Amino acid sequence: MDKVFHGILRALDGGDKAGGSKKVRGTVVLMKKNVLDFNDFNASVLDRVHELFGQKVSLQLVSAVYGDPENGLQGNLGKPAYLEEWITTITPLTAGDSAFKVTFDWEEEVGVPGAIVVQNNHHSQFYLKTILLEDVPGEGQVHFVCNSWVYPADRYKKDRVFFSNKTYLPSQTPATLTKYRDEELISLRGDGTGELQEWERVYDYAYYNDLGNPDKDPKYARPVLGGSAEYPYPRRGRTGRPPTKADPNSESRVPVLMSLNIYVPRDERFGHIKMSDFLAYALKAVAQLLKPELESIYDSTPNEFDSFQDVLKLYEGGIKLPSPLLESLKENIPLEMIKELVRTDGEGLLEYPMPQVIKEDKTAWRTDVEFCREMLAGVNPVMIRRLEEFPPASTLDPKIYGNQSSSIREELIQKQLNGLTVKQAIKMNRLFILDHHDAIMPYLRRINTTNTKTYASRTLLFLKDDGTLKPLAIELSLPHPEGDEFGAISKVYTPADQGVEGSIWQLAKAYAAVNDSGYHQLISHWLNTHAAIEPFVIATNRQLSVLHPIHKLLHPHFRDTMNINAFARQILINAGGILEATVFPAKYSMEMSSAVYKNWIFPEQALPADLIKRGVAVEDANSPHGVRLLIEDYPYAVDGLEIWSAIKTWVEDYCSFYYKSDETVQKDKELQSWWKELVEEGHGDKKDEPWWPKMQTVKDLKETCTITIWIASALHAAVNFGQYPYAGYLPNRPTLSRRFMPEEGTPEFEELKQNPDKAFLKTITPQLQTLLGISIIEILSMHSTDEVYLGQRDTPEWTADAEPLEAFERFGKKLAEVEERIISMNVDKRWKNRVGPVKVPYMLLYPTSEGGVTAKGIPNSVSI
């Protein structure tokens, strides 16, 4: 095989015929398109590599120094050069990469190149990674970091242009490159019309008007989110698909089996390693689990878990899949993929990895200590707040909702306050609350018309002397049967560990957990990270050139986000999708997240601002990060502040290098267009809010970039990668409840007395939704093997500027110190909340990780 190749290469190379004229040699690294060929990935790449020789791919240098006065000083173009010898000797190539030689004639009138025009005259696309020029006279090496799919030339209106890794503010761009810079941005914006195709690179905005499917059935109609005062929402990437027949305002959908083909700009799609990490197939398989025939199988033989031992079988030996389900899976997915995904021997045995929360101890999750600890160190540690008035009040409008204040009274909790009165406990910062009441109550009447039967909850907590929390009471509320304006009907439960009271208390905690897990998925996770960041991805690509320093700063934090969000719209958050099937608000899920977005405030996404707003920290100039925690042992906040500070220092060092004055910010036309568009279009329903940074000072810029990177990296990691470790065992974080608390004198109450575990399992998520839920959160909790973590870049030559590179190295070192600190705190017995009764150390903000479900690691971006 190799001999044949070298024969072809020699024939194509033909030696150096140029007879002594000066040459500039280069290396081009690219990857062929057959990225999902699982059979023999490498061989097929080799087989097709020669197709690129001859005059199939041309490269032309664009001068950074000499321009054509006739053409607005646009940089002079060199003569075309073509891909030559295929290099087999470069070892550090990733699977599927190929390196080629290229030789340019050195032309005085080009001088130092600032860009390269690449034309693909081949019949299929390739992924262009890097171009390196050696010994450029007067310059030495010139790096071009491309990372882009290049389609055949006839697919483009303009030739593809790649810039070297120099960084320029718009006003400092060499005149020779200005036109190229501007034209590239114009082509990325598109013209706002037509359905976008696979090869296009257009970034544009749309409302969330593709979640419903009214053409399939009116019951799948959903409101358009975004563009109205009633349903405000961040924007998503535009696809331009035609409207549905039933509703001209809704966009038609891509069929489920074609989910992978949903449009996102070509360079935003997952790389081949991530795809072949079975993500795509896993998403497809899980979508198959939703097939109606499956639902009917489960309805006719309602498979309930009868005991916790039953649930454990999922992780210890597996449970049998009904054969009709297996058949329907086989129709849609290759068998080897099913084996990988469904972990089956072909016999339909479904087995999942043991979630960390039950690895060391099968029952510790049920303790009150662990229930409270997870509010500080679990998968949703961003909700707990300090109680500042008693009884807890509501912000709902009493004209519409009547009296929604809490019915928890002092005498109910007095004995649990270590001798303090409620007033003293509030004054001493000892009372805290997990409050889901106001977010859920306006939707609760409608939610309870679905299969869900649940409450709006408030959980009251006391901070003990040892730094742990204990629950004082859980209040479960329903809307008044006679109408909203009559207020809430509430019942308060207090801790008990014996007899039927103990079983009722376990159920009360489960209802609170159902509220928390739905809020976590829809708000803490989906809305506040995935949806909030997408407009930043779009605006950055439309308004900031790749030459712009802020594009270079933020770009790694946007990797894969548009793609995962598009998949989510396809099968997770859509009408009848996985989220509606598995979380308690059911078909009102997305609409409820839109109601919560009304209270979203960009500056409050900064970690210190969020902690202060929730009253769990106070400003304190003498504390290391400018804030002092009122719960000292709050693992998410402690580690989060370390990461926040590291990001902040890095952003400050980087921005200070390019922006020496506020005037530089004000006069940066790309930056101003970017911010204007982000506020007025990307988060357009919030455009009139007074709290947006004005982007008139270097401070505004630094704060904005710090918050953006925080949301995309650490905040997302904190609320995402603990999902399987904590919620993969569903009794710990049930996603829905199907019946109300049993009342005395009913058969349900009798069952609760006789068989409390069975009654508990009959109340929470049923078996089908459990399988569905844990299948999806296992995928979502997984790191791809090619993940790029905070403090890392995929290309060392991402910028040519030495000072920012040194600052970035310091950032990496600082993060390594944070890792050491996390490890040492996790073994320090003083900090009881870092490990807890379940013996799961808090690692969710530990910056690096290996691939798989690891419960640690902060990827640069919302990439899963």
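Student: Hi! To start, what share of the 864 residues counts as buried?

Tutor: Of the 864 residues in the protein chain, 60% count as buried. Keep in mind that this is a predicted model.

Student: Got it. How many helices and strands are there in the chain?

Tutor: The protein chain has 28 helices and 22 strands.

Student: And the surface: what does the accessible area come to, and what percentage belongs to carbon and sulfur?

Tutor: The accessible surface is about 34,100 Å², and carbon and sulfur atoms hold 51% of that.

Student: Now contacts. Taking those with a separation of 6 or more, what part comes from residues 24 or more positions apart?

Tutor: Residues 24 or more positions apart make up 75% of those contacts.

Student: Where does R366 lie, and which residues does R366 touch?

Tutor: R366 lies in the loop between strand 13 (349-350) and helix 9 (368-377). Not counting residues up to four places away in sequence, R366 touches F308, Q506, K509, D757 and F760.

Student: Switching to helices. At what angle do helix 3 and helix 14 pack?

Tutor: Helix 3 (residues 175-189) and helix 14 (residues 499-543) pack at about 140°, and their axes are 7 Å apart. The two helices are therefore oblique to each other, because angles count as roughly antiparallel when over 145 degrees.

Student: Which residues meet there?

Tutor: From helix 3 you have L185, L188 and R189, and they meet N541, R542 and Q543 of helix 14. By class, that contact has two nonpolar, two polar and two charged residues.

Student: Why is helix 27 described as largely enclosed by the rest of the structure?

Tutor: Because 13 of its 14 residues are buried.

Student: What about S861: buried or exposed?

Tutor: S861 is buried, since its relative accessible area is 1% and buried means under 20%. S861 sits in the segment after strand 22 (852-853).

Student: Which residues is S861 in contact with?

Tutor: Leaving aside neighbours within four places in sequence, S861 is in contact with P556, H557, F558, R559, T561, A712 and H716.

Student: Last topic, backbone geometry. Is the peptide bond from F390 to P391 cis or trans?

Tutor: The bond is cis, with omega near -5°. P391 lies in the loop between strand 14 (385-386) and helix 10 (398-401).

Student: And N418: what is phi near there?

Tutor: Phi of N418 is near 50°, a positive value in a residue other than glycine. N418 is in the loop between helix 11 (410-413) and helix 12 (422-427), and at 44% relative accessibility N418 counts as partly exposed.

Student: What about N429, what is its phi near?

Tutor: For N429, phi is near 60°, again positive in a residue other than glycine. N429 is found in the loop between helix 12 and strand 15 (431-435). With 22% relative accessibility, N429 counts as partly exposed.

Student: Thanks, that helps!

Terms used: Residues numbered from 1 in each chain as written. Predicted model: local features only at pLDDT ≥ 70, side-chain atom pairs only at ≥ 80, totals over all residues. Heavy atoms only, no water. Buried < 20%, exposed > 50% of the residue type's maximum accessible area, 1.4 Å probe, protein only. Helix = DSSP H or I, 4+ residues; strand = E, 2+ residues; numbered from the N terminus. Contact = heavy atoms within 4.5 Å. Areas by Shrake-Rupley, 256 points an atom, 1.4 Å probe, with all protein chains shown as cover. Axes fitted to C-alpha atoms, helices over the stretch in contact; angles between N-to-C directions. Parallel < 35°, antiparallel > 145°, perpendicular 65-115°, else oblique. Nonpolar A, V, L, I, M, F, W, Y, C, P; charged D, E, K, R; others polar.
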